[in-house]
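Subject: Structure handover

Hello,

Here is the structure for your work. Please open it alongside this message.

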Amino acid sequence: MDRLSDIYVLPVDDWIESFVKDWLVPNFRPAFQAIQWPIDQVLTGLDAFLLTIPPFLFMAVAVLLAWRIGGRGISLFTLAALVLLDLMGIWDDSMTTLAMVLTSVVFCAVVGVPLGILAARSDRFQTGLRPVLDIMQTIPAFVYLVPIVMLFGVGMVPGIIATIIFAMPPLIRLTNLGIRQVPEEMVEAGYAFGATRRQVLFEVQVPIAMKTIMAGLNQTLMLSLSMVVIAALIGAEGLGLLVFTGIGRLDVGAAALGGIGIVLIAIVLDRLTQALGEPSLGEEKRSFRGLAMRLVGGSPAADKADESAADPAGPAGAAAKRN
Amino acid sequence: MTDVAPKLEVSGLYKIFGPSPERALARRREGGSKDRILSETGDVVAVSDISFSVREGEFFVVMGLSGSGKSTLIRCLNRLIDPTAGRILVDGEDVAQMDAEALRQLRLSKMAMVFQHFALFPHRTVGENVEFGLKMQGVDRSERRDRALEALDLVELRAWADRSPAALSGGMRQRVGLARALAVDPQILLMDEPFGALDPLIRRDMQEELITLQRRFKKTIIFITHDLHEALRLGDRVAIMRDGRFVQVGAPQAIVDHPEDPYVAAFTQDVDRGRVFTVETIMREPETLVSGADDVDGALRRLHDSGRSGLVVTGADGGANGVVGLAELSAAASAGGDAGALSAATQDVTTVAPETALADIYDQCTAGLPIAVVDKAGSLCGVVEPLDVFTALTGNEGSEDRKDAGRLAR
Ligand SMILES: Nc1ncnc2c1ncn2[C@@H]1O[C@H](COP(=O)(O)OP(=O)(O)O)[C@@H](O)[C@H]1O
Ligand SMILES: [Mg+2]
């Protein structure tokens with residue numbers, strides 16, 4: 001008689017079960033099904049695309065991209081990683097995983113960045129959102145796999161939804177943080193020159209916060225990759241499934257193969273998004289056209305040279321620095 | 001001049017930060033002190049019952065210590081901060097009552113602002129920063145660029161147009177800030193401690209540059225500073241602000257000559273030491289000569305040993321009767337050195353009270369002889385060496401001493 005539960009057991013498990021089974025599922029299943037639709041569209045499109053283009057073409061494009069965005073080191077690493085994936089015979093699984101991760105990141109960005117912006121502009125919204133994000137980040141993914149299966153069934157899309165829940169919080173947090181960290185005076189400068197709230201947001205706050213937002217995107221990407229094995233539990237395919245079945249059969253080799261594939265993809269994507277986060281100066285370069293130009297012409301090294309040339313004291317300053 | 005309507009007219013302006021500004025405002029109007037309001041309602045009275053008007057083309061400076069409410073005041077003028085009460089008439093139109101669109105029009109074309117920490121946008125080039133106001137106006141790209149370059153010409157930074165602001169020094173950045181404001185050709189320029197973050201030397205250059213620009217463009221300028229020298233140098237009129245109020249408003253000369261408030265006086269002592277330092281703060285122990293008792297040779301020796309410019313001759317009553325300098329003593333010595341020669345050499349001494357301002361004894365110092373400091377009873381309590389006066393005025397002595405002297409002076 002030294003436990004309270006000897007007298008009475010609080011039936012929390014029953015409550016939650018009936019909440020999910022008797023209320024959430026019957027009432028909202030259609031709504032949840034509707035959420036699935038866009039995710040499914042993006043995923044199948046991406047997956048089919050990545051699987052149909054020949055590996056060599058993919059490699060060529062990826063290496064070129066990596067070179068334009070991040071420079072020579074990253075492009076060489078990208079090449080090596082992709083060749084290795086192909087050589088290990090896990091190319092298709094890798095592409096499926098890539099499609100899955102990219103889909104998750106796209107939806108995280110589409111939902112997370114606006115939420116982060118809202119949180120930055122309203123203290124009340126931020127206060128309300130914070131515990132939700134805490135819950136999303138602390139509840140072990142295994143716990144919400146079950147209700148997800150009840151609501152969405154099994155397969156790739158439910159796996160991506162679990163991934164989104166797990167991976168989105170840092171993007172929201174860092175978007176919020178980045179915008180709040182924009183110096184007050186700069187925001188005031190925006191208003192003082194007649195900018196509207198909207199203009200201040202897009203001309204001042206978001207661009208200045210971009211580095212932090214990109215750091216959030218990078219985190220989201222990494223977390224998405226870390227979810228691929230767990231998502232395999234509810235029917236996601238790709239490298240995660242390879243690991244999962246490897247564990248089930250105690251096939252160390254297969255599991256390790258999947259693991260190596262995930263790590264290689266993770267490193268490449270990490271470096272690329274970090275390089276993308278480097279701020280670029282000038283309206284031209286920030287525009288979509290500028291981004292496109294950056295991808296096809298003008299080496300990234302040129303930007304860096306530009307920056308060092310902007311030393312105020314010119315050669316004298318450089319000489320002073322050497323001393 | 002008085003018949004011309006003012007460009008900017010502020011009356012009864014209040015800004016109260018906190019949970020219950022209306023309640024705090026009522027209390028403040030009943031005469032409640034800032035501190036009491038803060039402890040009772042938790043509201044901060046940042047700007048309190050400020051009224052002033054500024055003519056077109058006038059350079060109006062608001063000077064006050066940190067926390068006195070200057071930034072709040074200037075931000076009320078373009079409504080970056082909404083005032084709690086009061087009117088802000090710009091060309092007769094009340095900014096405090098403007099709706100969002102009218103306010104935007106005002107900010108777009110009539111008023112521009114320069115910030116203490118420059119507030120340049122790091123993701124834009126210098127040129128794009130200067131273009132910002134024009135972009136908000138909807139001016140098209142190529143015209144924007146041309147006008148930005150013109151504005152950069154004014155501050156001699158055209159060559160930096162395509163660089164990052166991060167590549168510029170502090171002074172250059174603020175010139176970009178100035179160019180950004182000038183680019184929209186505003187009628188009123190709001191400047192919140194624009195040179196406050198700059199080194200003293202750069203600050204002086206910037207002040208000069210601003211004076212030159214002002215001569216040319218004759219904008220109406222509201223300029224905030226915490227530096228009285230800067231205020232006096234730049235302002236056509238200066239307002240001294242303390243605890244959210246204007247303590248004094250006037251021409252720089254009037255501010256220095258007739259500080260209306262101990263607060264202003266405390267500031268001006270730094271400006272005109274001669275007005276603030278008193279004789280008492282620099283007087284020394286007197287080196288005296290008792291008439292009839294000392295001989296010329298002894299006096300010469302003592303003068304030499306003490307390193308003074310002269311000896312004060314005292315009478316039996318302890319009062320100062322005269323003064324002798326080295327030249328007179330030497331002459332007396334060669335004339336025989338007796339008591340008669342000594343009294344013949346003695347000159348009239350200037351006597352001053354201990355609380356006399358140094359500025360009032362400049363003329364007497366030119367004789368090069370010590371000045372006797374006598375108390376109300378007429379007895380000698382010290383002497384002032386002319387050299388000490390000039391040292392005190394130029395502020396060249398050790399800073400420790402100066403602080404002491406400053407404390408003594410008030
Ligand atoms: N947003 C704010 N909320 C509360 N108090 C403020 C706020 N802004 C300024 N204050 C207070 O108002 C007073 C005046 O501040 P400020 O105008 O910045 O002074 P200054 O620019 O002269 O240094 C200070 O006591 C400051 O703490
Ligand atoms: Mg301030």
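Below are the findings, starting with the ligand.

This is a predicted model: local features need pLDDT of at least 70, side-chain atom pairs count only at pLDDT 80 or more, and totals for chains, interfaces and linings use all residues. Residues are numbered from 1 along each chain as its sequence is written, chains are lettered from A and ligands numbered from 1 in the order written, and side-chain values use heavy atoms, without hydrogens or water.

**Ligand 1**

The shell around ligand 1 includes Phe17(B), Val44(B), Ala46(B) and Leu65(B), and the run from Ser66(B) through Gly67(B), Ser68(B), Gly69(B), Lys70(B) and Ser71(B) to Thr72(B). A residue is near the ligand if one of its heavy atoms lies within 4 Å of it. By class, the shell holds 4 nonpolar, 6 polar and 1 charged residues. Here Ala, Val, Leu, Ile, Met, Phe, Trp, Tyr, Cys and Pro count as nonpolar, Asp, Glu, Lys and Arg as charged, and the others, Gly among them, as polar.

Taken alone, ligand 1 exposes 560 Å², and the protein buries 59% of that. The areas come from the Shrake-Rupley method with a 1.4 Å probe.

Two elements of chain B give two or more residues to the shell: β2 (44-54) and α3 (70-77). The largest share, 3 residues, comes from α3(B). Helices (H or I, at least four residues) and strands (E, at least two) are DSSP runs, numbered from the N terminus.

**Elsewhere in chain B**

Gly138(B) follows α5(B), with a positive phi near 90°.

Chain B splits into domain 1 (8-271) and domain 2 (280-394). Their centres, taken over C-alpha atoms, are 53 Å apart.

**Chain A**

An unreviewed UniProt entry places "transmembrane region" features at several spans, including 97-120 and 221-243. Span 97-120 of chain A is 100% helix, with end C-alpha atoms 33 Å apart. Span 221-243 of chain A is 70% helix and 0% strand, with ends 19 Å apart by C-alpha.

Best regards

Conventions
UniProt positions renumbered as here; feature names shortened; annotations may be inferred. Domains from an automatic or database assignment.
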